[in-house]
Amino acid sequence: MPKIIGNPTELTTKLSNKGVEVNYENGSEIVINNTQTTVTKNITIKNNTANPVDYLITFEDVINNITDSEKFSYSYSCSGIGCKNKNNVKVPKMSEVISYKIEISSNLEHAIQINLTYDGVPAGNFSARVNILQTNTIIATSETNSNYFWGNRENIVEITFKDVINTPQGVVSWDVSNDQDESIIAYIEEIDQEPGTYHLYIQSNGLISANENSSYLFFNFEKLNKINNIDILDTSSVTDMSSMFRRCMLLSNIDFSRFDTSLVTSTFRMFEGCSSLSVLDVSGFDMSSVVNMQSMFNSCNNLTSINLTGINISNVTNMSYIFSGCHSLTSLDLTHLDTSNVVEMGGMF
């Protein structure tokens, strides 16, 4: 692998650059406080390879104790072919991806400007480091797929995402990258205490980008009870999450605190049959693009509480069977939901 180009103190080992030149023109450190309320960062990225490269902009090492978050926003502009921009977005409380996935073609350059602004004088401080990470996309799957690790789905009890490729010798492994370039490698290890069951590892030198079509990604992993490091799975480009966790019958907890659903249009049967879930918090989901929520929580029969606070479902047209079979729900507050465009509500409960 080519040597990383740029200031090594400002580039982490998560950047699998493969010939991508990154220049932080005025450093990567960001500080906002009562004496500095605006910060601008300029970054240039040049792809010196023969192939397109996907990358993400992230805030890392975030410390954010600013109390009035509504006054604190960031924007970024990107000039060059393939660029995408964001404007007036609330600054995150933790380290996370702040951009859409951006593709830079061979021998092209992008110029990025990131602006953070607090409107007024903040109570509290913010510090972070801006970073550029190459992202690699996992291959799409289907309901009947028995290739790669999906052929073992019914016997996988644990999944771990890793941001460094380090495959042990003698294990069964697969190239599960969308481009089949070995940028994402999955392998399984048999669990000694439970012969015939497996721990699945999905690894890449950098963030793993979920496919735009992530339907059935974990479908019918009926023995799966734990997912580790799911924050390494970037979902900012996903449009379809249909049946994503359907029939994960032993999965009792999923951390969605860094799940990006801003482009998702379908959550059809997303959690259907997740019968071990007792509490589910999707209040952080951006549902503003979702149209189809049919059967999203269908047959989650041990679910006692769903936190839907603050979600925007104004574009949803289908909510039929969404809570069907949720026999253990003790209370459900739907009063704040905008259902003005919903035309299908049959069998909701």
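Two rings of Phe, Tyr or Trp, the six-membered ring being used for Trp, form a pair if their centres lie within 6.5 Å; planes under 30 degrees apart count as stacked, over 60 as edge-to-face and the rest as tilted. By this rule the structure, which is a predicted model, holds 20 aromatic pairs.

**Aromatic pairs**

- The ring centres of Phe72 and Phe126 are 5.2 Å apart and the planes meet at 75°, so this pair is edge-to-face.
- For Phe245 and Phe271, the centres lie 5.7 Å apart with the planes at 5°, so the pair is stacked.
- Phe245 and Phe271 each lie in the loop between β17 (233-234) and β18 (279-281), so their pair ties together parts that are 26 residues apart in sequence.
- Phe245 and Phe271 are likewise buried.
- A cluster linked by ring pairs comprises Phe218, Phe221, Phe245, Phe256, Phe259, Phe271, Phe285, Phe297, Phe323 and Phe349.

**Nonpolar cores**

- The largest nonpolar core has 64 residues, of which Phe161, Ile202, Phe221, Phe245, Phe271 and Phe297 touch the most other members.
- Two or more residues of this core come from each of β11 (156-162), β13 (184-190), β14 (198-204) and β15 (207-209).
- Apart from this core lies another, of 30 residues, which includes Ile32, Phe59, Ile112 and Ile132.
- Leaving out residues up to four places away in sequence, Phe245 touches Phe218, Ile227, Leu251, Ile254, Phe256, Phe259, Met270, Phe271 and Cys274.

**Charge over a ring**

- Lys86 places its charged end over the ring of Tyr100, at 4.7 Å from the ring centre.

**Sheet arrangement**

- Five strands form an open sheet in the order β1-β3-β9-β5-β6, and their pairing is antiparallel.
- At the edges of this sheet are β1 (20-24) and β6 (86-90), each of which pairs on one side only.
- On average, neighbouring strands of the sheet are turned by 20° against each other, direction ignored.
- Within the sheet, strand β3 (residues 38-47) pairs with strand β9 (residues 109-118) in the antiparallel sense over nine bridges.
- Asn42 has Gln113 in β9 as its bridge partner.

How values were computed: Residues are numbered from 1 along each chain as its sequence is written. This is a predicted model: local features need pLDDT of at least 70, side-chain atom pairs count only at pLDDT 80 or more; totals for chains, interfaces and linings use all residues. Side-chain values use heavy atoms; hydrogens and water are left out. A nonpolar core is a set of buried Ala, Val, Leu, Ile, Met, Phe, Trp, Tyr and Cys residues joined through side-chain atoms within 4.5 Å. Buried means under 20% relative accessible area, exposed over 50%, partly exposed in between (1.4 Å probe, protein chains only). Helices (H or I, at least four residues) and strands (E, at least two) are DSSP runs, numbered from the N terminus. Contact means heavy atoms within 4.5 Å. A charge sits over a ring if NZ of Lys or CZ of Arg is within 6 Å of the ring centre and within 35 degrees of the ring normal. Two strands pair if DSSP finds at least two bridges between them. Axes are lines fitted to C-alpha atoms, for helices over the stretch in contact, and angles run from 0 to 180 degrees between N-to-C directions.
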